[in-house]
Amino acid sequence: MSVVRSAESVCIGHPDKLCDLIADYILDDILTLDPTARVAVEVMASGRRIIVTGEITTTVRPRLRACAREALRRAGYNPNRFLIYVWVRRQSADIGAGVSTSLEARAGDESAYASLGAGDQGTVYGYATNETPQRLPLPLVLAHEICRRLDAARTDGTIRGIGPDGKSQVSVVYDELGTPIGIDTVIVSIQHDADKDLEVLEREARTLIVAPAIEAYLPGVAAKHVLVNPSGRFVTGGPTADTGLTGRKLMVDTYGGLGPHGGGAFSGKDPSKVDRTGAYMARLIAKTVVDARLAEECHVAISYVIGKADPVAFHIDTFGTGQYPDWLLTDAAQAIFPLRPAAIIERLGLRAPIYAKLSTYGHMGHALSEWEWTLPFTDKLTTEVTCRAHQAATHQ
């Protein structure tokens with residue numbers, strides 16, 4: 001019996017994604033000169049107004065308005081048409097003290113990476129599946145690819161008369177074994193000029209965007225339904241049409257709703273915030289399990305407490321696809337992967353200004369991100385799992 005699964009993505013000029021881009025531009029600019037800065041920036045875009053607020057503790061003077069203008073320009077907007085308001089303050093001294101000196105350090109723990117406590121509480125999740133080379137669900141990969149192609153078509157002139165706001169949604173058909181076998185529906189909504197011929201736009205979207213995106217992953221397969229701007233005209237877009245907020249596209253940023261999400265947003269947050277840092281490590285662990293062929297699908301959950309270095313819970317679930325029991329994979333992964341925030345930050349290079357380029361088309365699946373580099377861990381994890389399985393069998 002077939003099943004249909006869907007996921008969406010948004011273009012760089014979508015109002016929510018614009019706010020994510022501005023927040024990460026600001027973060028990158030600060031980290032360039034002060035890698036240890038504490039940053040938690042929130043952005044709202046409404047009409048012709050950009051509001052930047054949050055908490056920033058740094059040794060440099062943040063270029064908040066300049067960064068917002070650079071991000072607007074990159075997203076396809078004229079920054080001179082926006083008013084930028086700024087309300088920021090320093091990080092709470094109570095929060096800062098708990099993070100800078102962890103519960104373990106206060107108890108006398110002088111071991112490696114014990115000093116930095118988690119910047120917040122909560123559970124973060126990682127997910128990976130073998131259905132695409134990126135180890136991400138196919139509906140999400142296709143939705144990202146369509147939005148990426150729409151943005152490129154606008155900037156390089158392949159399709160004329162389109163604007164920076166847009167989104168896509170892809171529904172993929174799976175067989176009873178969970179293998180993608182077809183595309184049921186593709187939805188493309190793209191902002192356009194008032195005089196753009198909508199029939200021409202539909203033909204361009206179908207032939208130049210949707211068809212090549214699908215062909216790259218399901219050769220010879222065509223979507224059963226392609227809906228271009230199903231609401232009709234889409235002339236007014238961006239913050240002029242809808243208010244944008246940082247962190248409102250959580251599923252787009254992670255697994256399209258086809259894998260779990262802890263609820264914490266990523267953009268605008270420095271790496272002491274574990275809802276970002278921990279999620280990247282959880283993704284590395286899940287992807288390593290799949291790349292090592294220890295499971296076809298993997299879900300990782302890590303729970304942190306504010307001010308504490310070590311997680312309070314760690315669990316792997318392979319949905320019955322694992323080559324070994326989940327408890328064994330959990331113990332093995334916990335033994336070889338760094339889970340303390342300071343260790344994660346160092347291992348993944350998270351104090352570098354890398355975040356603006358991640359704010360569009362999802363934070364997972366970017367080939368240049370270190371949480372996608374599983375090669376240093378696949379053999380280690382396989383060896384650790386094998387040894388633990390042998391020990392368990394010996395003691396039975």
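Relative accessible area, computed with a 1.4 Å probe on protein chains only, sorts residues into buried (under 20%), exposed (over 50%) and partly exposed (in between). The tour concerns a predicted model, in which local features need pLDDT of at least 70, side-chain atom pairs count only at pLDDT 80 or more, and totals for chains, interfaces and linings use all residues. Residues are numbered from 1 along each chain as its sequence is written, and side-chain values use heavy atoms, with hydrogens and water left out.

**First stop: the cysteines**

Select cysteine 387, which is partly exposed at 39% relative accessibility. Its sulfur is 20 Å from the closest cysteine sulfur, in cysteine 298, and is therefore too far away for a bond. A disulfide is taken to be a pair of cysteine sulfur atoms within 2.5 Å, and a search of the whole structure finds zero of them. Cysteine 147 is likewise in no disulfide; the nearest cysteine sulfur, that of cysteine 11, is 4.0 Å away. Cysteine 147 is buried, with a relative accessible area of 0%.

**Second stop: two loops**

Next, select arginine 135, in the loop between β5 (122-129) and α5 (138-156). Helices (H or I, at least four residues) and strands (E, at least two) are DSSP runs numbered from the N terminus. Arginine 135 has a positive phi of about 60°, although it is not a glycine.

Move to phenylalanine 319, in the loop between β11 (313-317) and α9 (326-336). This residue, also not a glycine, has a positive phi of about 55°. Phenylalanine 319 is partly exposed, at 42% relative accessibility.

Colour β1 (3-10) and β5, the elements that give two or more residues to the lining. At least three lining residues come from each of domain 1 (3-10 + 138-235) and domain 3 (122-131 + 248-389), with bounds from an automatic or database domain assignment.
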